[in-house]
Amino acid sequence: MKITNPIKTGLMLIALGLTSCEDKLLNLTPESVLTPTNFYKTANDINQAVLGVYNSLQTRRQTDYLLMEVPADNLYMSANTTIAGSNDVDFLTVNADNALTAAFWNTTYNGIFRANAVLLNIDTPTNYGVGLKDQYIGEAKFMRALFYFDLVRVFGGVPKVVDKISITEAAALPKSTEEEIYALIVEDLTDAIAKLPARKSIATGRASKGAAMGLLGKVYVYRQDWANAKTQLEKLVDEQDYKLVSDFASLWKLESEDNDEILFTVKYVDGTNGQNLSTSYTPNGGLVGIADRGAETSLPSWSLMKKYEPGDKRKAATVQEWWTSPAQPNAEPIYYPYVSKYAVKHSYGASGIDIPVLRYADILLLYSEALFKSGDKTNALVQLNKVRERAFGNATHNYKGTEAADFTDLILNERQLELAYEHERWFDLVRTGKYLTVMAQEERLYNYAAKTPVVVNLTPKEFMKVYPIPQAQIDLSNGLKQNNGY
Amino acid sequence: MKFYLKKPLLAVMLALALCMSGRLWAQDAGNVSGTVVDSVGNATLPGVSVVIKGTSKGVTTDVDGKFQIQAAAGDVLTFSFIGYKKVEVPVGNQSVIRVVMRQDNTVLDELVVVGYGTVKKSSVTASVAKVENTVLDQIPVGRPESVLAGRLAGVNVTQNNTSPGSAPLIRIRGASSIDAGNDPLVVIDGFPGGSLGSVSTNDIESIEVLKDASAAAIYGSRGAGGVIIVTTKKGKSGKARFNFNAYAGVANAKGHKDWITGQEYYDYAVRYQNREYKWIGGDTSIPVWNDSRRPNAYQVSDVLKNGNNVIWEDAVMQSAAIQNYNLSVGGGNDHVRYYVSGTLKDEKGTLKNTWYKNYGLRANVDVTVNSVVSLGFMLNPSYSKRRFASADINNYVKFPSFVAVQNPDGTYPSARSYWGAVVSGQANPMATLDGSYYYGTTVNNLGEAFINLNLAKGLSFRSSLSTNLASNTTDRFQASWATSTSLNSGSQALSSTTSIANENVLSYTNTFKGVHNVSAIAGASYQKYNSSSSSLAAVNGSFNNDIIHTLNNAIINPSASSSSRSQWGLISYFSRVNYGFKDKYLLSASIRTDGSSRFGPDNKWGYFPSASVAWRISQEDFMKNVRPVSELKLRASYGATGNFNIGDFEYLGQIGDVYYSPNNTLTKGQTQTSYGNNSLSWEKTKSYDFGLELGLFRNRVNLVLDYYDKRTSGLLYNVSIPSITGFPSSLSNVGSVSNKGFEVELTTKNLVGEFKWETSFNMARNVNKVEDLGGVQERITTDTYGMGWILRLGQPMFSYYGYKIVGVLQNAEDVKNSPVLAGSVPGNPKFQDVNGDGQITSADKVILGNFQPKAYFGLINNFAYKAFDLSIAMQASVGAKMYNFENEYYQGALLGAMRRSLVDTQWWSEAEPGNGMVPASSLSKLTYQSSSDAYIEDASFLAVRNINLGYTVPSNVSQKLHLSGLRVYASLANPFMFTKKGFHGYNPEGYTGGEIAGTGSKPGYNNGAAPINRVYTLGLNFNF
């Protein structure tokens, strides 16, 4: 008996453990994170999820220059930094294994997932304030349209995802045509225009009615649907209260980054929610009064710099040619061109200057193009000269419309000068087909003493109008086919 | 009790009598002296313990094997000595005794800890390795794992990071998991999941390693990476025995010998700039300095030859003092036994301003209440603090030599303060080292209380409750003058974890009819792990001054601050049966089932069975006459183990914080951050092991051979999924990896006379292979600079993947006529055109080797002559490849520090083509070589890890000092390291990219692993 008691005790202990512990040890719930089952329940959850959609673009926007400026004649990769895949973009030798296109694909579809999640769960909460449900729908649709617009411009036709899809479904999904993607974009933007509030009724950095109108106009221009483009942009110019600010340089200052010219911009705050782009363009040795160190990933091409006419105030706010080292602030400046558009005083890697997506000067130039293509060259010239006049501060440099054989060349040139480093140049060259001629040669580093630039010969090809679909995605899919030429 | 209470007087008298008895008895005792000799060769044996049986009274033999003791005629003297059979001699009327001791060739009766029990070494049916702590604590290494390097076959201990206090990497029979970790489970005195860093080597009794799955299966759920069992010292009955061990010494980093300075440095800088200038079509006849026709970016300032000649490696390194002290006392009586110890460790780093301090205590107490009940507890609080550098060493040593270490006014010049352009924009390395206050502290306590009940003959029950409490703090502050951005920064990260385990084991052991040995266990284990962490960071540049380093002096950055809590739970039931027939046929089988909270609702439970058999052929009658064979055993085993080392709640899609700043106001948003996978379950490893154990010539030669085949399937693998789902990958149970290999352990007693020589050699070969990736053939991770790490079917995990260099493009003609990467210029590599299509594309990438060694070896030689002993430990590794990306810094880039061996073989121009295989190294063309085998180097090595020379002071001398043993020793760690020609790293095992830790792993990537330290120490160890 003396012996069996402890056995009993032991067995009882084990039995006790069996029953009481299992639940406490195995069926635990996370204490610090929500899961899809308890999120998306309130209007505030949806608001948070919408901010999550913007966050996706905020993350990606900092490196968009690698696919949207580097291949064109505004920018080339510096010898001091290496970013995987950027050399191939710079020399127009991109292949399907490119790391930059792979990352772009992933983050953009992640943004689409986030926008879809908002739209799929929008009906769950019942406590929306007045107009907020419409606003969230409008924002999610605007963002989804913007993501698809970026995708279709970078890759051409891509899989259309508007639902939560399983891995099996995803692997079976083929590419939609460019037309189908554009149809979705137009549909989303049309609904967004109907649902979004006016720009002054919503925080800066969030989508407004004007942003959706402007983006839709731009989409029509890319579709070369000149009639709709003209109508849409005209409506925007007439109805909405955007205007060009008088001082071009003030667009790139922290205190005036929110202004009447901005239709949609990606917001950043120095230090806590900053962007890397300012640092990427800052010379390694830094800039006096701006940053003591930069990453100097890329440098401005002479192809762009030589086009600025004397008196064009945009030049100084876009590129600077003479550089002083913050380590030797009293030394003679040396010839060392760098991109200055985003050069504001900033913390390394976390600059507060916003990266615009759509501003009024862009709209006016698109409008000018739509007008010209619709046969109204006179009005087209008026719109074009609005931008021109602001750049020089007077009308003496205004175009007469006869400066070039093709009026669209004037517009394209003005777009390059006005929108350099705003992620428009490569797409402009592609949609007009000019990349085949313009990009055959790029003038890069300029030798100030010898007055000669370094000339790089490139071989742009028809198929390069879109980038290759990332090979890793093709390998994981049964439905995805590679773009022609790759 | 009653008895004493009723008759207090009697009790006092009894107690007095007891106290007195020793003295009374001593008076009766006479002087007994004698000599102890070895049965072979009659060599005298120093250090033999001579104890009067049943007492704690004893002495040890001196250097000549002589002893002297007070003993009475009725006493029995017990002679014991490690490696020898115990001898008992009744004193009788002898006054001089000559004792002959025989070497204990049946070390087979040694007990081996196998997890929830011990087994006689001869009865072990699985592959288990054991290291006893005889003098391991007298080898000056920072952590206990390090002493295992090269000592056990199949246990690869790699010192990736040599900075003070860093943990080495341990891999037992190769790595098999991609995302769920490959670290072995560490069991400290029965507590699963401890950290070896918290245990003092001095306190370790033995370390057992369960290598095959049949042994590790008893830890089922967590044994896939093997199991390391640490047993700490326990007190023994007898008078208090103190041990003091101390060593102190100095460590020196083994640096590079080929840094260049002055004119030589300047000449290469000019070559570098001219080569760059020529590539963009420049005229290199234009003077390199002070001629505006040459763009600034292509000039070379005169300061490069007229400046200082600083070798930064020398400037940032120092001779570092290390010291270690341990005092322990163990003793007790039949009822209570104790072992208490304290350790103090203080190590300076060879990189300036780095150090490590550790204070540890241990108390192990065992109480035998009566014949049924015994209980005890263990406590092991420890505290450690380290100061670490803010960056890897390459960031310091790559700095250009023309910059002074410090200005006379105490400020630190940067390279840019000499020359504003081109050169590195980073801060002065000494400024960074002096101005970065990075500290890590750990407070840890592993405690256990247990009760053991002897329920019946052979039947016992043990229940324990253990807690492992740990709290870690990392404080960082960097002064504005210590960084190139001139922005001060700071952060504080706190984490605390509590792990509570309750284990209950019923054990039974018995022998039936004298031939059937049966032992069995059944048990249940419950473990709960809670963690909480918080992290705060300052907005860069927001510290008001550089004086106050805590965050109250700054503005907190909300988007860089976080706080979280998490937990996991584990329930396990297990049972094992061992059966032996006549010690000849042995069988063991176990089953364990584990339930983990980390898996989805329907997949929480995993089952892990094992079985093993052994046949001791040497016990058969027909072998009895085969005299040379003293032991021959064949064994075979099969077992399954598991792995659940993933994050908590990963089966759920999780919602995480993200930020955006509408209206320039930082605002928190939320988003789903993982895809989620409700069917997530255990990763399982099934393995076979076949072993042979052979002892020859009364076990003077011992050979152990093992072959294993282990396959891990249902990998917890972050498998790539189409990113149109919103996520590029999802954790799934997909894929399979195998490890096959063999191990050899050969221990020989070469000389056994007065001059003793023992050798133990081991080697292991492991072949790692990806077997299945869930339907795809391969998966490649490409890093920023183009090197790929590939998972490909049939190949070792994470092989390097890139272009193969076959030469260097010499001129424009060569570029035109060779298959080249787009944009190639003369000086860029000529690659192998694998598919022969006349151009170099990603289709021409090939596997360029792997970070895992093909084989590794250990060799320990122990010599003893009279009072001297000498131990030499060597280690070798063959076939590992390292991606020494670090080389790039020393080849001229940014005109930083250069190494002769990396510049003189390089292509500089058609006239200076180098050795024809090393391409022009340039930042602007970096991917042309970093995506190839240019930096892949053979990391094979042969190292003498430690030489330890000891002298045991003769007992007559030590007794005069009132000591029962005194050994003084000198130790030299890492005296020699031989690497392959063409290896440029500091440490052939040192890589900075981590090992396998998920799909994006870059194992073997080295970008600044610290140098190996040669450590000279003197130590002493004494008992009293």
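Which residue follows H9(A), and is its phi positive or negative? The views below, taken from a predicted model, start with that spot.

**View 1. The end of helix H9 in chain A.** H9(A) is followed by A:Gln224, and the phi of this glutamine is positive, near 55 degrees. The helix itself covers residues 209-223, 15 residues in total. From first C-alpha to last, H9(A) reaches 21 Å, close to the 21 Å expected at 1.5 Å a residue. Look around H9(A) and you will find it mostly covered, with 13 of its 15 residues buried.

**View 2. Where chain B meets chain A.** Chain B brings 85 residues to this contact, and chain A brings 89. On the chain B side, several elements each supply at least two residues, among them strands S23 (436-456), S24 (459-478) and S25 (489-512), along with helix H12 (926-930). The largest share of that side, 7 residues, belongs to S27(B). Sorted by class, the side of chain B that touches chain A holds 33 nonpolar, 45 polar and 7 charged residues.

**View 3. Chain B as a whole.** Stepping back, you can trace 13 helices and 52 strands in chain B. Its C-alpha trace spans about 110 × 65 × 65 Å along the principal axes. Chain B has a radius of gyration of 32 Å, which agrees with the value near 31 Å for a compact globule, because that is what 1024 residues would give.

**View 4. Inside chain B.** Of the 1024 residues in chain B, 51% are buried. Among the contacts in chain B with a separation of 6 or more, 68% come from residues 24 or more positions apart.

How values were computed
Residues are numbered from 1 along each chain as its sequence is written. Chains are lettered from A and ligands numbered from 1 in the order in which they are written. This is a predicted model: local features need pLDDT of at least 70, side-chain atom pairs count only at pLDDT 80 or more; totals for chains, interfaces and linings use all residues. Helices (H or I, at least four residues) and strands (E, at least two) are DSSP runs, numbered from the N terminus. The expected span of a helix is 1.5 Å times one less than its number of residues. A residue is buried if 20 or more other C-beta atoms lie within 10 Å of its own, exposed if 12 or fewer, and partly exposed in between; C-beta atoms are placed from the backbone. Two residues are in contact if their C-beta atoms, placed from the backbone, lie within 7 Å. Ala, Val, Leu, Ile, Met, Phe, Trp, Tyr, Cys and Pro count as nonpolar, Asp, Glu, Lys and Arg as charged, and the others, Gly among them, as polar. The radius of gyration is taken over C-alpha atoms; the globule rule is 2.2 Å times the number of residues to the power 0.38.
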